[in-house]
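Open the model in a viewer and keep the sequence panel beside it.

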Amino acid sequence: RCMSLKEQIIIITDLILIIKALFILGRTIHVMRNKWKNENYTDYISRIYMDADREPLPYYTSRNITFQVTDDCPMSCTYCYQGHKGHRMMSKDVAKKGVDLLFDLYEKDEGVFINKNTKGLVIDFIGGEPLMNIEIIDYICSYFMERCLEENHPWLWTWRASMISNGALYFDSRVQEFLKKFRGFVSFGVTIDGPKEIHDSCRVYHDGRGNFDDAYSAMKHFNNTYYENLGTKVTIAPENLSNLNRIVKFFVDEGMHIINANCVYEAEWNEEHAKMFYSELKKMADYMLELGGNTWVSLFDDFIGKPLDDDSNQNWCGGTGDMLAFDPDGIAYPCIRYMPSSLGTDQPPIVIGSVDGLWVTDEQKNAQSCLDCITRRSQSTDECYYCPIASGCAWCSAWNYQCYGTANKRCTNICIMHKARVLANVYYWNKLYKIIGSDDKFELNISKEDALEIIDEDEYNMLSELSM
């Protein structure tokens, strides 16, 4: 008998898992495994498709496409940047047109966003809470693979779905069927802010109930059922800053080996926050050193804290032309943060098209042209551009737009937190190098004047001695 599409997908997903394992093994024989352990999927695609000189291709070899399948959510988290949600659900017609547009852009091979050099896609599903519209998520993934099979398209082997959920609907049978059906293709995570009392202080349902029990059960089930290599994401806000070590220890005790974390861009960070951040990070550094290197926290990165040369002029954020987001009605934006559900009435949304076509009107073309022109130099003051610790300092272009009415001006609220993080990295890496007997040094590039805004002179002298 002829196999159904569902049966074909299951067979292909199993085959791809095997091929991926063999392919990665062949590629990694000559490189230490830890070097690539924490790379994202875009970097992975860039690396496996090397040029003639065996160098990774540019980062835009892969593209991130966001489908906001709903702007509804069963929760009212206190720090959510989407402060203007609704009750819209993406339809099958809109979803189909969105997928078809991606293939049309590839076949036309005319633009720089998606063309025949686009080796992979990350299809990101977001809400509100994306699992509220699991039927459309399933449809998009199934239809995408159907198009790939029909056309023998190379994306069949290099696409991935991604989504973060609050866990409220995780145990719905339709969700479980989807996760089983696309196992190996789906990067899935459940948002947890740490121990129950910390999580439930911010992440609550509309009736005021805390979400921890539901989220924790979902996380444990997913990790026990689908993946063994556990990881999580921590969002640092003023409300949870003093509990940062409790949060990280909670995840370590839960068996998490990869912990990504970052400070929110929207907060009004100040020197007192930075002092607390450094103190928490220094305690965390000692804890991480005690663990012996089995756990990775993104707050400690030997790339940060260095000056950048003129060749490093690309925008940090992908929200100026490297991403694409469709809202439930099929309207296209540079990323979800430019949608009305995020901007509210602060600024008008930036629209670049729809599922029927991108950059069609003069207004849409002009909007994209303005975003394409943004560089690190164009949006940075001299102080930022020539900063001795510029590497690793992050920003959100859409938040810049929300603050100033232009994405071409950096909001520097996070600057003081970056300085604190760099100081803590000086402590961590030089301690680590000493323990392992390495001659490497993490240089103390921050000026003494800037450092003394956060730490006292004795602490500065200690860091200075460590880095020599």
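Helix axes here are lines fitted to C-alpha atoms over the stretch in contact, and angles run from 0 to 180 degrees between N-to-C directions. Helices (H or I, at least four residues) and strands (E, at least two) are DSSP runs, numbered from the N terminus. The model is a predicted one, in which local features need pLDDT of at least 70 and side-chain atom pairs count only at pLDDT 80 or more, while totals for chains, interfaces and linings use all residues. Numbering starts from 1 along each chain as its sequence is written, and side-chain values use heavy atoms, with hydrogens and water left out.

**Helix pairs**

Select residues 271–291, helix α9, together with α15; their axes come within 8 Å and cross at roughly 20°. That makes α9 roughly parallel to α15; angles under 35 degrees count as roughly parallel, over 145 as roughly antiparallel, 65 to 115 as roughly perpendicular and the rest as oblique. The crossing of α9 and α15 is right-handed, a term for the near helix being turned clockwise from the far one by less than a right angle, with left-handed used if anticlockwise. Show side chains for the contact (heavy atoms within 4.5 Å): among them are F277, Y278, L281 and A285 of α9 and A420, L423, A424 and Y427 of α15. The contact of α9 with α15 divides into 16 nonpolar, one polar and five charged residues. In these classes Ala, Val, Leu, Ile, Met, Phe, Trp, Tyr, Cys and Pro count as nonpolar, Asp, Glu, Lys and Arg as charged, and the others, Gly among them, as polar.

From α15, L423, V426, Y427, N430 and K431 meet M462, L463 and L466 of α17. This contact has six nonpolar, one polar and one charged residues.

On a 1 Å grid over the protein atoms alone, a cavity is a set of points where a 1.4 Å probe fits but cannot get out, and a pocket is an open set with protein on both sides within 12 Å along at least five of seven lines; lining residues have an atom within 4 Å of a point. Points are joined across faces, edges and corners, and a volume is the space filled by probe spheres set on the points.

Which residues lie nearest the centre of the second largest pocket? Select V112, F113, G321, W359 and D372, from a lining of 28 residues. The volume of this pocket is about 690 Å³. Helix α3 gives the most to its lining, with four residues. By class the lining has 12 nonpolar, nine polar and seven charged residues.

Next, select Y265, W395, C396, W399, N400, C411, N413 and I414, which line the largest cavity. Its volume is about 40 Å³, and its lining has six nonpolar, two polar and no charged residues.

**Backbone**

Finally, go to G127 and G128, joined by a cis peptide bond with omega about 15°. G128 is in the loop between β2 (120–126) and α4 (134–151). In the loop between α3 and β2, D109 has a positive phi, near 55°. Most residues other than glycine have a negative phi, and most peptide bonds are trans.
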